[in-house]
Amino acid sequence: MSSTHDVIEEILRKRGLVSRIFANREVLHPDYVPDSLPHREREITKLAEILVISAKGERPSNVFLYGLTGTGKTAVAKYVVKKLVEKASAFGVRLNYAYVNTRKVDTAYKVLASIAASLGLKVPHTGLAVSEIYRRYISALNSWNGLHIVILDEIDFFVKKHGDDILYKLLRVNEDLSNARVSVIGITNDLNFVEELDPRVRSSLGEEEIVFQPYNADQLFTILKQRAELAFKPGVIDDSIISYCAALAAREHGDARRALDLLRVSGEIAEREGVDKVTIEHVKKASLEIEENKIYQSIASLPLHQKLVLKSILEIVTSKGYASTGDVYAKYVEKTRHFSLEPLTMRRVSDIISQLDMMGLIMAEVTSRGRYGVTKMIKMREDFIPIIEKALRDLD
DNA sequence: AGTCCACCGGAAAACATGGCAA
DNA sequence: TTGCCATGTTTTCCGGTGGACT
């Protein structure tokens, strides 16, 4: 199918600079906020109402958004706040916002600095005390004199790492302010997270809360359809494909992000193959590729001993079909010598096996073999074996 | 009916690491 | 920098267990 008449075009296409599949790949990126958010009307309205009241000079409410991953929390928060900023002058309010993902921005200093930066404040990368930034932020707020909305995404990560001090401070910022006001929107996908908070923080942040339910397959379809129309060139993808993606993602607790990933990767695969239509086969490959990627990631981030244990399991399972803790431990000790390392205890290895089980890399079940004792029966999913083998290849 | 294997898995002590205040 | 505390990891210790075997 390759015509040699335009080599440049061919190279550009291979590099993804010219695409016959994508019109605008950005639209499928997880951070993209579309012009409308289907099936989140209720949440949008509620959030907007809460914030508008704050803007009118009442004591601002803080809002807590929670729901599983890919249920649209971040998108709704950004969407509403952006719209409000656009309309702010119309109802005579000064309005600005800060968005901080506290998983990526993971120290108190950086969080405060980036909040302050959204007010146009210049804060050095390092060198100031945290309390100094706080002071500067307050004074900037006071002289600016409007409503500042602070979106803290994935706060569960931050609080687990650094405790809730900053949260507490931020929530009480209003007491140090004369004219300006601050509203905090907290976002988390850990539903139990609230219970770990200091009661004062909890009551203050949870004044208003909005729960996000997972999308079902129909809703996912609408969402995907909307994005697909922008992302793909006309005629590249048809509804049956989109609906297949939606169905696949709906099986995994209705995660819209996963669904969009699936769509994007499917497109990329089609592109790599040089065809100009996305098929069911591409989606299946994409699903596999995403799955494989997850396995690679989780294995790559494993400490050495865990890898050795996994490798031992792999070798035994491929030759015998299953493994027991004793087998694994013997093989593991052998490997450990080969690397001239001190082996861990069997007790520990037993825990590591359970850990690998929870990660979904292996299947371990305690069984009694009667006269031959109690042990974990360790098996692996057939389709994982080649992937895991590949991921562990560097251990020889 | 009783034994006994080959581990399991809880508890706690020992050790390692890392952040933080002084 | 130092010392302290918290947290996470690993070892030590040990009672417990289901069922094949006698």
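Which domains does the assignment of chain A give? I found domain 1 (41-212), domain 2 (215-298) and domain 3 (302-391); the bounds come from an automatic or database domain assignment. The centres of domain 1 and domain 3, taken over C-alpha atoms, are 46 Å apart.

I noted the conventions. This is a predicted model, in which local features need pLDDT of at least 70, side-chain atom pairs count only at pLDDT 80 or more, and totals for chains, interfaces and linings use all residues. Residues are numbered from 1 along each chain as its sequence is written, chains are lettered from A and ligands numbered from 1 in the order in which they are written, and side-chain values use heavy atoms, with hydrogens and water left out.

Next, the sheet. I read an open sheet of five strands in the order β2-β3-β4-β1-β5, with parallel pairing (pairing needs at least two DSSP bridges between two strands; helices, H or I of at least four residues, and strands, E of at least two, are DSSP runs numbered from the N terminus). Its edge strands are β2 (95-101) and β5 (208-212), each pairing on one side only. Strand β1 (residues 63-67) pairs with β5 over five bridges, in the parallel sense. There, Leu 65 has Ile 210 of β5 as its bridge partner.

Last, I looked up helix α3 (residues 73-87). Its 15 residues reach 21 Å from first C-alpha to last, close to the 21 Å expected at 1.5 Å a residue (1.5 Å times one less than the number of residues). Buried residues of α3 include Val 76, Val 80 and Leu 84 (under 20% relative accessible area, 1.4 Å probe, protein chains only). Among what covers the buried residues of α3 are α2 (41-55) and β1 (contact: heavy atoms within 4.5 Å).

Notes. Buried means under 20% relative accessible area, exposed over 50%, partly exposed in between (1.4 Å probe, protein chains only).
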